[in-house]
Amino acid sequence: QVQLVESGGGLAQPGGSLRLSCAASGFTFSNYAMSWARQAPGKGLEWVSGIYSDGSETTYADSVKGRFTISRDNAKNTLYLQMNSLKPEDTALYFCAKGGGPYTRAYLPDYDYWGQGTQVTVSS
């Protein structure tokens with residue numbers, strides 16, 4: 001029933017920008033925290049950014065702080081990740097995930113549903 005569908009990935013040059021979207025359905029989107037996480041080739045899952053259900057707090061991994069911005073539009077049931085100043089090390093499969101409640105933080109086992117992922121490749 002719960003579905004999370006990421007889009008917006010693709011190829012970008014170093015220093016470029018991409019905006020990822022996550023369309024949510026099957027639950028009351030405005031009641032739940034959301035996060036973005038990523039997995040680079042051969043590496044584990046890395047939490048990237050999170051946002052509370054009402055957008056009152058946003059948090060970021062140190063590796064993306066100052067470059068990425070998480071946001072949400074609860075009227076559209078959509079989560080976003082604006083990625084600026086992209087680096088090759090940002091290359092990964094990016095997932096959106098639904099928290100178990102309105103204030104879920106950066107502990108990934110607390111996220112109960114995941115999207116299929118969208119690929120971001122940063123290369124010159």
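## Close-up views of a predicted model

**View 1. Strands β3 and β8, side by side.** β3 and β8 run antiparallel to each other and pair over six bridges. Strands here are DSSP runs (E, at least two residues; helices are H or I runs of at least four), numbered from the N terminus, and two strands pair if DSSP finds at least two bridges between them. Look for A23, which stands opposite T78 in β8. β3 also has β1 (residues 3–7) as an antiparallel partner, this time over five bridges. In that pairing, L4 stands opposite A24 in β3. A word on the model itself: it is predicted, so local features need pLDDT of at least 70 and side-chain atom pairs count only at pLDDT 80 or more, while totals for chains, interfaces and linings use all residues. Residues are numbered from 1 along each chain as its sequence is written, and side-chain values use heavy atoms, leaving out hydrogens and water.

View 2. A disulfide is a covalent bond between the sulfur atoms of two cysteines. Here the rule is a pair of cysteine sulfur atoms within 2.5 Å, and a search of the whole structure finds one. It joins C22 to C96, with 2.0 Å from S to S. Because C22 lies in strand β3 (residues 18–25) and C96 in strand β9 (residues 92–99), the bond ties together parts that are 74 residues apart in sequence. The torsion about the S-S bond is about 50°, so this disulfide is right-handed.

**View 3. The largest nonpolar core.** In soluble globular proteins, nonpolar side chains tend to be buried together. A nonpolar core is a set of buried Ala, Val, Leu, Ile, Met, Phe, Trp, Tyr and Cys residues joined through side-chain atoms within 4.5 Å. The largest one in this model has 27 residues, and W36, F68, L79, L81, M83 and Y94 have the most contacts inside it. Strands that each supply at least two of its residues include β4 (34–39), β7 (68–73) and β11 (118–122). Which strand gives the most to this core? That is β3, with four residues. Zoom in on Y94: leaving aside neighbours within four places in sequence, its contacts (heavy atoms within 4.5 Å) include E6, L20, F68, M83 and V120. A second, separate core has six residues, among them W47, A61, A97 and L108.

View 4. β5 is mostly covered, with five of its seven residues buried. It pairs with β4 in the antiparallel sense over six bridges, and S35 stands opposite G50 in β5. Five residues lie between the strands of this hairpin, where G42 takes a positive phi near 75°. β5 is also antiparallel to β6, over three bridges, and I51 has T58 in β6 as its bridge partner. The hairpin of β5 and β6 has six residues between the strands, and G55 in the turn has a positive phi of about 75°.

**View 5. S53 in its loop.** S53 is found in the loop between β5 and β6 (58–60). With 7% relative accessibility, S53 counts as buried. What does S53 touch, not counting residues up to four places away in sequence? Its contacts are S30, N31, Y32, A33, R72, N74 and P102.

View 6. Rings of Phe, Tyr and Trp (its six-membered ring) pair if their centres lie within 6.5 Å; planes under 30 degrees apart are stacked, over 60 edge-to-face, and the rest tilted. By this rule there are four aromatic pairs. F27 and F29 make a tilted one, 6.2 Å centre to centre with 55° between the planes. Ring pairs link F27, F29 and Y32 into a cluster. A charge sits over a ring if NZ of Lys or CZ of Arg is within 6 Å of the ring centre and within 35 degrees of the ring normal. The charged end of R72 sits over the ring of F29, 4.3 Å from its centre, and that of K98 sits over the ring of F27, 5.5 Å from its centre.

Methods. Buried means under 20% relative accessible area, exposed over 50%, partly exposed in between (1.4 Å probe, protein chains only).
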